[in-house]
Amino acid sequence: MAASSLLLLLLPWLVTALHSPPGCKIRITSKGLDLVKQEGLRFVEQELENITVTDLHGKEGQFHYNISQVKVLDLQLPFSDLHFQPQQHLVFNINNASISLRFRRQLLYWFFYDIGSINASADGVHIYTMLQLSKDEAGRLKISNMTCNASIARMHAGFSGTLRKVYEFLSTFIITGMRYLLSQQICPALNHASLVLLNSVLDTVPVRNYVDEHIGIDYSLLRDPVVSTDTLDLDFKGMFFYRGKESQELENHAVEPVIKETERMVYVAFSEYFFDSAMHSYFQAGVLAIELEGEKVPKDLEVLLRATFFGTIFMLSPAVVDAPLRLVLQVSAPPRCVIKPSGTSVSVSAFLNISLVPLGQPVVQLSSMAMETKLSAKVFLQGKALRVLLDLRRFRIYSKQSALESLALFSLQAPLKTLLQLTIMPIINERTKKGVQIPLPEGMDFTKEVVTNHAGFLTVGADLHFSKGLREVIEKYRPAPTAPAHPTPPPEEPSVDPHQL
């Protein structure tokens, strides 16, 4: 009985532990997959054009043959399809394709020897590939497995020369062998393209990156991708961290983003946790503070402050009275983000310390007041960078000492709000406008972005655009070949001696 009660108490904790809510979620729809298909088809064509077919040689009675230097001249892929297959797969299907080839022939029939080239064509080519997507140990999206099946329905070769009729009669041996060898090379080529080359493109997706000198972002996948017939959903941790304590994690108690739409190519959702973790990390770094001293304090505000605290200043020694003013604004707790359908806001609590700074003497504090502000946040996506523009909406100051002093500070309300709007907010927005990169591969960008607010999270619907081709990204990150310890001699030319066939 006691064990059952303990299990019931632990059940909510176990469910939470097994399903951590994401701070960032990405959905790719069938429309987005159609764009990927176009670029993927170009990539597949390039890979198949570079397949290597081993030499073919043999004999049938008095007929000896040697086929070498097989080269793909042209591919026609008229019917192709790329679609989602639950629960973790993408299926790429090519039907009724054709491949044009040219290869070198060496033929010996009785006493007749011939050498030259042959043009051939493989028709009715069918290729079926299924890619399994999963999360690796580092939390990165990977193609973890691939199944492939390739077949060629028919193949024919065109012969020329004095022995054309003989070649056509005996070509069955050559064509059958070539069709087998070609079909056997398609899947290994695509396997390498998927598990090596395409995974190198996925390696360009940021997983744990530094945003600036203070904080970083963790975009590791929380679980394997979820694939339906129309969508691919990816759950990312979406947590910022302070670089001084990278192993420290902020618990996520925010609402989990829910994406229901499928009209656009891609949707990206961010919960309040995503933004809260950023502000918490900056607070830990101690950078949510600003100091204005001397000439940096606006002249009108300085006059008003000296008038407000005239009684306190009057009692000081003459050497201190004319000392420069110092204003120190320090955030007192991590700011909090609230996302509602009506908009996004950020609540900030801070202390404002006003002091005189006489040269060579201790600082004299005139006042220490508390500030509460509410900022409106406009979130937008530009390229692959999520940016935030903040605007001051509400502002209140009060004394930490007494209600009477708070009343005396009322005259400073408007001037200090103006100071924040004209001096502090531009500095903050200068930092936030740099933005943070969204986890997409290099060469892929967002276009036509639309931001929609929900209760506890916001979504960005967008279309996709390839600014770089897959081949360009692959070549950029392909490791440079290492020079062999001993130079490899060039390959030998095929023999022209019929007795070596």
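Predicted model: local features only at pLDDT ≥ 70, side-chain atom pairs only at ≥ 80, totals over all residues.
Which residue does a disulfide join to Cys-148? The answer is Cys-187, with the two sulfurs 2.1 Å apart.

A disulfide is a covalent bond between the sulfur atoms of two cysteines. The count here comes to 1 disulfide. The angle about its S-S bond is -75°, and the link is left-handed. It ties together distant parts of the chain: Cys-148 is in strand 7, residues 141–158, while Cys-187 is in helix 3. They are 39 residues apart.

Are the two ends buried or exposed? Cys-148 has a relative accessible area of 28%, so it counts as partly exposed. Cys-187, at 17%, falls under the 20% cut-off and therefore counts as buried. Cys-24 is buried at 0% relative accessibility, and Cys-337 is buried at 4%.

Next, the core. How many residues does the largest nonpolar core have? It has 128, and those with the most contacts inside it are Phe-270, Phe-274 and Phe-275. Helix 3, which spans residues 164–202, gives the largest share of this core, with 14 residues.

Now look at Phe-270 and Phe-274 in the structure. Phe-270 has a relative accessible area of 0%, so it is buried. Phe-274 is buried as well, at 1%. Setting aside residues up to four places away in sequence, Phe-274 touches Gly-23, Cys-24, Ile-217, Tyr-219, Gly-238, Phe-240, Leu-386 and Val-436. Phe-240, Phe-270, Phe-274 and Phe-275 form one aromatic cluster.

That brings me to aromatic pairs. A pair of rings is described by the distance of the centres and the angle of the planes. The count of such pairs comes to 6. One of them is Tyr-219 with Phe-236: the centres are 6.3 Å apart and the planes stand at 80°, so this pair is edge-to-face. Tyr-219 is in the loop between strand 9 (215–218) and strand 10 (226–227), and Phe-236 is in strand 11, residues 231–236. The two are 17 residues apart, and both are buried. Phe-270 and Phe-274 form a pair that is tilted, with 4.7 Å from centre to centre and 50° between the planes.

Where does Arg-208 lie? It lies over the face of Phe-241, 4.0 Å from the ring centre. In another case, the charged end of Arg-243 sits over the ring of Tyr-210, at 3.6 Å from the centre.

What is Val-125 in contact with, leaving aside neighbours within four places in sequence? The contacts are Ile-94, Asn-95, Asn-96, Ala-97, Ser-98, Ile-99, Ser-151, Ile-152 and Ile-186. Val-125 and Arg-154 are 29 residues apart along the chain, and their C-alpha atoms are separated by 8.2 Å.

Conventions:
Residues numbered from 1 in each chain as written. Heavy atoms only, no water. Core = buried A, V, L, I, M, F, W, Y, C linked by side-chain atoms within 4.5 Å. Buried < 20%, exposed > 50% of the residue type's maximum accessible area, 1.4 Å probe, protein only. Helix = DSSP H or I, 4+ residues; strand = E, 2+ residues; numbered from the N terminus. Contact = heavy atoms within 4.5 Å. Phe/Tyr/Trp six-rings, centres within 6.5 Å; stacked < 30°, edge-to-face > 60°. Lys NZ or Arg CZ within 6 Å of the ring centre and 35° of its normal. Disulfide = S-S within 2.5 Å.
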